[in-house]
Amino acid sequence: MFRLVLRHSLRHSFGRVCFLGFSIVSFCRNFPLSGNTRFASSCRQMASKGGRVQRDPISAAELNLGVPLVDIGVNLLSRQFGKDALEVIERSRVAGVSTLVLTACSLRDARGLQDEFVSHGEVHGVRLVQTVGVHPHNAKQWSDETRKDLRSLLRLPGVAAVGECGLDYDRNFSPPELQRKCFRDQVDIANESGLPLLLHVRGPPGAEEECYRDFVEILKAKETDVRACVHCFT
C-alpha cells in the first residue's frame, strides 16, 4: 500500500490515495518537519520580478517552530533563478530551512544537480539532496537505456527520492500512453530501491478525472509499500 504524507487542504481522494496542496511536506521518516501558516502566507506575499524576490524572507526566529524545515520541491535549475541559485539557498537558511530536496525532471537535470549542487553536500549551511527521475513532460525520452541510467544514478550520494514522475494530461508534451509506461517503470524502480517517490499529477481544467483515475490505478496495481508525496494535483 502507498503511504502519502501531505499537508494543507484536501482536494481529492481515490481509495487510499489522497491529493493535497502545498509543497512543504514529509517523505515519512526521511524528512520530519512541521508547517506554519505565517511562513506560507509570507511565501505567497513575496512578489517576484525577473526571478528576484523583492521582499526580505522572514527569519527562523520569527517562525519560532522549534523544528527544522525541509523544502521537498525546489526547481533550482529553473531559468527563473538565473544566477540567483546561491541567493535562494541563503534565503532558505535565513528562513529556517535545513534541507532542500532539489527536483530533477530529466536525467540531464539529475546529473546537473549532482555536479552543481548536491556533490557539495552542504551550501550556506543548508543540506542539499536531490531526486532522480523523468517528469511526464519528458516521458517521450523514456527507453530501456533511460531506465538503466536512472537505476545507476540512484546510487549517487545525496539521492533522496525517485521523481519527479507521474502523469500530466493537461499539456501532453508527451503522449499519455508513454507517460503511463514511464510512470509505471519508475514506480517499480522506487519499489526496488526502497526510495520514496516525488509524484506529479495534472489534468486539463474541468476534465481532470481521467488523469487522476489513471494515476491512482497505476499506484493501486503495484503491490508495494513505497512511500510517496504528491506535490502537484491541479
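# Reading a predicted fold, one feature at a time

Modeller: Let's start with T103, which counts as buried at 5% relative accessibility. Buried means under 20% relative accessible area, exposed over 50% and partly exposed in between (1.4 Å probe, protein chains only). This is a predicted model, in which local features need pLDDT of at least 70 and side-chain atom pairs count only at pLDDT 80 or more, while totals for chains, interfaces and linings use all residues. Residues are numbered from 1 along each chain as its sequence is written, and side-chain values use heavy atoms, with hydrogens and water left out.

Biologist: Where is T103 found, and which residues is T103 in contact with?

Modeller: T103 is in the loop between β7 (97-102) and α4 (107-116). Helices (H or I, at least four residues) and strands (E, at least two) are DSSP runs, numbered from the N terminus. Contact means heavy atoms within 4.5 Å. Leaving aside neighbours within four places in sequence, T103 touches I72, G73, V74, N75, L113, T131, E164 and L198.

Biologist: E164 is in that list. Which peptide bond joins G163 and E164?

Modeller: Most peptide bonds are trans. The one joining G163 and E164 is cis, with omega about 15°. E164 belongs to strand β10 (residues 159-168).

Biologist: How do I read phi, and which residues have a positive value here?

Modeller: Most residues other than glycine have a negative phi. In this model, H124 has a positive phi near 55°, and N172 has a positive phi of about 50°. H124 lies in the loop between β8 (122-123) and β9 (126-132), and N172 in the loop between β10 and α6 (176-193).

Biologist: How do the axes of α5 and α6 cross?

Modeller: Axes are lines fitted to C-alpha atoms, for helices over the stretch in contact, and angles run from 0 to 180 degrees between N-to-C directions. The axes of α5 (residues 144-153) and α6 come within 11 Å and cross at roughly 30°. Angles under 35 degrees count as roughly parallel, over 145 as roughly antiparallel, 65 to 115 as roughly perpendicular and the rest as oblique, so α5 and α6 are roughly parallel. R147, L150 and R151 of α5 make the contact with K181, D185, Q186, I189 and E192 of α6.

Biologist: And how do the axes of α4 and α5 cross?

Modeller: Those axes come within 11 Å and cross at roughly 25°. Here L107, A110 and R111 in α4 meet T146, D149, L150 and L153 in α5.

Biologist: What is the average pLDDT of the chain?

Modeller: pLDDT is the predictor's confidence in each residue, from 0 to 100. The chain averages 78, and 70% of the residues score at least 70. Over residues 1-54 the pLDDT is below 50, although this stretch has 133 contacts in the model beyond near neighbours in sequence. Where pLDDT is low, the predicted coordinates should not be read in detail.
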